[in-house]
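Thanks for making the time. I will go through one structure, a piece at a time, and keep to what the coordinates show.

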Amino acid sequence: MRHAVPPGGEHTKVQTFEPRAKAAPCPHLMWRDLRGQHKVKLTMPSTLLGSASGVSVVITDTTVSRLHAEIELREDGVWIRDLGSRNGTFVEGVLVSRARVADGSKVKLGVTELTVVYDGEQQPPELWPEESFGPLVGRTPVMRALFAYLSNIAKADSPVFIQGETGTGKELVAQAIHEASPRADKPFVIVDCAALPENLIESELFGHAKGAFTGAITARTGAIEAADGGTVFLDEIGDLPMSVQPRLLRALESGTIRRVGETSRRKVNVRFLSATHRDLRTMVNAGDFREDLYFRLAVLPVSVPPLREHLDDVPLLVERFLPRGVVASPEIVAQLTKRPWLGNVRALRNFVHRAAVMGAQVALSLSDTAGEGVPVASASNSAQFPAFSPSPSLPPPAPGSLPGVADFDPAIFDADFKRFRESWGDTGEREYVRRLLARHARNVSNAARAAGVDRTYLYRLIRKHLL
């Protein structure tokens, strides 16, 4: 039996009289295993349970998987989620994949029975005083608590593992951590592990010597070495081939890399951030990801909430995504806050860009086709979704043009990519890539160097916008 899962611009200061986040329960776990009787107070938003030595709550029981289950502290109580364990997770005798655990309930992992006891409430979490943190925006308590946590871990130098559904903004979280860290003035290099074939990923990560393989006509610096002094972000780390994982583990543990085709190792000073929409814990249990690498990557875990858990941020996000000079009616914004947004913030952004160009009715139909959680608007209800319109303070765009493009200062297309991206969305991003490639005769390496981005990331933008 499966238990239902609950649904979940400008740098403006948040007023101090706003309510703090609601306090979550402060529970204890009590159990007996081969090492005796235990009582553990749960204080973190999420706690990993299992028999592996690296988990937060170690249960000495051979029938418990090494990464067995995860406990989450939510506003409505304690939730437990099974991580693909071999013997399952039971709440009050019922096999669950995810379930809320009431005060005094019994949870069974393997043959070990744990009791969850609520002991009052925790102190409300620290909230960030602003509605933005780097490129991230949000004024809800759940997002401001995330911003405060990111600010704290940005000061450290330990690896960070970012978990979240597709479209929640994991890359922006990584960028925000880097920009708030002592390494902010050093390189921020992105590697998309899902975009690289297995025979090239080692060279992309570690570099190669001249003649290391067919086609290696010159030596090449890898992404980790290129990020020396700064941060390397390994996006979609769950797609990293098993054959490469031991080499990455050694780089993390030793702070050295070895280029393909070389015998000597090179010292690197890099902070590792990684992210995936997949659950690495279940992959570890299935043997698809190395356990030791997971624990080395996930020293500081970050969980990015899906948009359905902070829908009150939709108006702020819509304002951020709209092209300059275009406004949304209050009616459509109110409707957008009631949608599930299966594709999360990315789906909302795509909808806003489509609606600004094509009108809300067409955008709604496209969003539904794309599986973004917005139903098709029929002729009978299209009036509920008035189209986005130009701001009264600015003239409307010329017929057939994209709103806001004519208002660009041409110099913005020659700026570094980070500042440009903050100024515009997909429409401008596509134009930037087109002009960038034209300036550099479609030489991707030169274009990436001029834009200040990793070549792999530029390839991803080209596939997204031009292919």
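Helix 2 lies across strands 14, 15, 18, 21 and 22. Against strand 14, residues 160–163, helix 2 runs at about 150°. Keep in mind that this is a predicted model.

Those strands make up an open sheet of five, in the order 15-18-21-14-22, and the pairing is parallel. Strand 15 and strand 22 are at the edges with a single partner strand each, so one side of each has no neighbour in the sheet. From one strand to the next, the twist averages 20°.

Five bridges join strand 15 to strand 18, and the two run parallel. Across that pairing, aspartate 192 stands opposite aspartate 235 of strand 18.

Now the loop between helix 2 and strand 15, where serine 181 is found. Is serine 181 buried or exposed? Its relative accessibility is 9%, and buried means under 20%, so serine 181 counts as buried. A polar atom of the serine 181 side chain lies 2.7 Å from the backbone oxygen of histidine 178. Leaving aside residues up to four places away in sequence, serine 181 touches Ala154 and Arg271.

Next, helix 5, residues 245–254. Which of its residues are buried? They are Gln245, Arg247, Leu248, Leu249, Ala251 and Leu252. As a reminder, residues three or four places apart in an α-helix point the same way, because there are 3.6 residues a turn. The buried residues of helix 5 pack against several elements, including helix 3, helix 7, strand 18 and strand 21. After helix 5 comes glycine 255, with a positive phi near 70°.

Over to glutamate 309, in the loop between strand 22 and helix 8. Glutamate 309 counts as partly exposed because its relative accessibility is 30%. The glutamate 309 side chain makes a polar contact with the side chain of arginine 74, at 3.5 Å. Glutamate 309 and proline 340 are 31 residues apart in sequence, and their C-alpha atoms are 9.4 Å apart in space.

Last, strand 10, residues 106–109. Side chains in a regular strand alternate between the two faces of the sheet. In strand 10, Val107 and Leu109 form the covered face, while Lys106 and Lys108 form the uncovered one. What joins strand 7 to strand 10? Three bridges do, and the two strands run antiparallel. Phenylalanine 90 has lysine 108 in strand 10 as its bridge partner.

Key
Residues numbered from 1 in each chain as written. Predicted model: local features only at pLDDT ≥ 70, side-chain atom pairs only at ≥ 80, totals over all residues. Heavy atoms only, no water. Buried < 20%, exposed > 50% of the residue type's maximum accessible area, 1.4 Å probe, protein only. Helix = DSSP H or I, 4+ residues; strand = E, 2+ residues; numbered from the N terminus. Contact = heavy atoms within 4.5 Å. Polar contact = N/O pair within 3.5 Å; in protein donor to acceptor, adjacent residues only side chain to side chain. Pairing = 2+ DSSP bridges. Axes fitted to C-alpha atoms, helices over the stretch in contact; angles between N-to-C directions.
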